[in-house]
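Trainee: I'd like to learn how to read helix packing and a nonpolar core. Can we go through one together?

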Amino acid sequence: MENRSLQAVPQELLRGLEASRQSTASSTGQAACPIARIRQSLNSANLRPTRQRMLLGWLLFAKGHRHLSAEELFEEARAARAFLSLATVYNTLNQFSEAGLLRKVTNVGGRAVFDTNPNFHHHFLCQHDGSVIDIPPSAIGLGAIPEPPPGYRIVDVEVVVRLRKKGQSL
Ligand SMILES: [Zn+2]
């Protein structure tokens, strides 16, 4: 993936939106253009590809797998001269998460961290700064998982290993 500066995003996005109207899916069913892929993901999650969702999807998914908070995405949108409210960013992240495009990792001190890799894996959680590090699924052996309470089904299982720096009490 070529490196684009944040400032270039809105122009890229507009061009991409235009291009994605004409783009066709490749033989694998995955659109080649990243913008078209985001549009395809939104469509398959039954989310209308509004300009806001496309912009936030672009900012989120064009940089590979990462973890970030609503506040961090809000700052990236601002840097890209897209002046969305923090509430809009937060709502969109939750919609993406409910649609399975993202995973909400956990709340760290009241701050939700979202993961652009929706596939099964675990996390280290650094308590001093709220940062999140991936743990591959094979690195943790899961024992027996209890039956869910009546009326519930298990949607996801994730292990969060909390870390504290050596020598620090908190
Ligand atoms: Zn992760």
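Trainee: How do α4 and α5 lie, oblique or parallel to each other?

Mentor: A word on the source before that. This is a predicted model, where local features need pLDDT of at least 70, side-chain atom pairs count only at pLDDT 80 or more, and totals for chains, interfaces and linings use all residues. Residues are numbered from 1 along each chain as its sequence is written.

Mentor: Now the angle. Axes are lines fitted to C-alpha atoms, for helices over the stretch in contact, and angles run from 0 to 180 degrees between N-to-C directions. Under 35 degrees counts as roughly parallel, over 145 as roughly antiparallel, 65 to 115 as roughly perpendicular, and the rest as oblique. Here the axes of α4 and α5 cross at roughly 120° and come within 9 Å, so the two helices are oblique to each other.

Trainee: Which residues of α4 and α5 meet?

Mentor: Contact is about C-beta atoms, placed from the backbone, lying within 7 Å. From α4 you have Ala 70, Glu 71, Leu 73, Phe 74 and Ala 77, and from α5 Leu 86, Val 89, Tyr 90 and Leu 93. By class, that's eight nonpolar, no polar and one charged. Ala, Val, Leu, Ile, Met, Phe, Trp, Tyr, Cys and Pro count as nonpolar, Asp, Glu, Lys and Arg as charged, and the others, Gly among them, as polar.

Trainee: What about α2 and α3, at what angle do they pack?

Mentor: About 115°, with the axes of α2 (residues 34-44) and α3 (residues 51-61) 10 Å apart. On the α2 side sit Ile 35, Ile 38, Arg 39 and Leu 42, meeting Arg 53, Met 54, Gly 57, Trp 58 and Phe 61 of α3. That contact has six nonpolar, one polar and two charged residues.

Trainee: And how many residues are in the largest nonpolar core?

Mentor: In soluble globular proteins, nonpolar side chains tend to be buried together. A core here is a set of buried Ala, Val, Leu, Ile, Met, Phe, Trp, Tyr and Cys residues joined through C-beta atoms within 7 Å; buried means 20 or more other C-beta atoms within 10 Å of a residue's own. The largest one has 25 residues, and Leu 56, Leu 73 and Val 89 are among those with the most contacts inside it. The largest share of this core, five residues, comes from α3.

Trainee: Which residues does Val 89 contact, leaving aside neighbours within four places in sequence?

Mentor: Leu 56, Ala 70, Leu 73, Phe 74, Ala 77 and Leu 84.

Methods
Helices (H or I, at least four residues) and strands (E, at least two) are DSSP runs, numbered from the N terminus. Two residues are in contact if their C-beta atoms, placed from the backbone, lie within 7 Å. A residue is buried if 20 or more other C-beta atoms lie within 10 Å of its own, exposed if 12 or fewer, and partly exposed in between; C-beta atoms are placed from the backbone.
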